[in-house]
Every structure is written in structure tokens, then in C-alpha cells.
Amino acid sequence: MDPVQQQIDDLVKHNEVLLFMKGNANFPMCGFSGRAIQLLKASGVDMKSLKTINVLDEPEIRQGIKTYSNWPTIPQLYIKGEFIGGSDIMTEMFESGELKQLLQA
């Protein structure tokens, strides 16, 4: 495993709620990342347990996460080491109540 993939793997495995995004929780830099943060907050995520990685600051992570997850877009949400998806999937899961259940489990 190359160093970037190892770094991503460590982040995924050691953070309960991890969002790879453009910007950060306080200042999202794209609409999809902003939506992801809104959905997490509306689902009751503990903001202290939420780790965000700004892919705009780390181009190697920005490309590497797409390879790691085999998912082409940012943001990407991981909960307890499991890839959940991007903002579209998060929206569907929020509407069904599944996102809140996952975060509370």
C-alpha cells in the first residue's frame, strides 16, 4: 500500500465519523460539502466526534481518496470505518432516517 493510501486507511480506521470534503465543517468550500455538513448536524452528529479532511489543502489525499473508495466525487463520508457515500447518498439516508440511526449506533 502506498503512503497516501496508508494515511487514508489510518484516518478511516481511527475516526468514528470522517468526512473528506472541500473546506471544513465551519467553512465548506462547495455546495455538496456544505450539504453533507448540514445533513450530519441535522442527524445529531456529535461535532466533537466529526473529523473533516479538507482535500483542497491536500491534493494527494484528494486524488487518493477517490482510489481508496473507488468513488469519483467529494465529499465522502465514513462512519466507523465504513464508506457511506457522497452527498446524494447521505441525502437519501437522511430522508429515510438511516443516517441518524448509523450515527447513533
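View 1. I74 has a relative accessible area of 9% and is buried (buried: under 20% relative accessible area; exposed: over 50%; partly exposed: in between; 1.4 Å probe, protein chains only). The model is predicted, so local features need pLDDT of at least 70 and side-chain atom pairs pLDDT 80 or more, whereas totals for chains, interfaces and linings use all residues. Residues are numbered from 1 along each chain as its sequence is written, and side-chain values use heavy atoms, with hydrogens and water left out. I74 is placed in the loop between α3 and β3 (helices: DSSP runs of H or I, at least four residues; strands: runs of E, at least two; both numbered from the N terminus). Leaving aside residues up to four places away in sequence, I74 touches F20, M21, K22, V55, R62, I65 and K66 (contact: heavy atoms within 4.5 Å). V55 is 19 residues from I74 along the chain, and their C-alpha atoms are separated by 8.4 Å.

**View 2. Packing of helices α1 and α3.** The axes of α1 (residues 3-14) and α3 are 9 Å apart, at an angle of about 75 degrees (axes: lines fitted to C-alpha atoms, for helices over the stretch in contact; angles: 0 to 180 degrees between N-to-C directions). The two helices, α1 and α3, are therefore roughly perpendicular (under 35 degrees: roughly parallel; over 145: roughly antiparallel; 65 to 115: roughly perpendicular; the rest: oblique). On the α1 side, V4, Q5, Q7, I8, D9 and V12 meet E60, I61, G64, I65, T67 and Y68 of α3.

**View 3. The salt bridge of D9 and K13.** The side chains of D9 and K13 form a salt bridge at 2.7 Å, N to O (salt bridge: a side-chain nitrogen of Lys or Arg within 4 Å of a carboxyl oxygen of Asp or Glu). D9 and K13 are 4 residues apart in α1, which means a separation of about one helical turn. D9 is buried at 10% relative accessibility, while K13 is exposed at 58%.

**View 4. The salt bridge of K80 and E16.** The closest N and O atoms of K80 and E16 are 3.9 Å apart. K80 lies in the loop between β3 (76-79) and β4 (82-85) and E16 in the loop between α1 and β1 (17-21), so this pair ties together parts 64 residues apart in sequence. Both are partly exposed, K80 at 45% relative accessibility and E16 at 43%.
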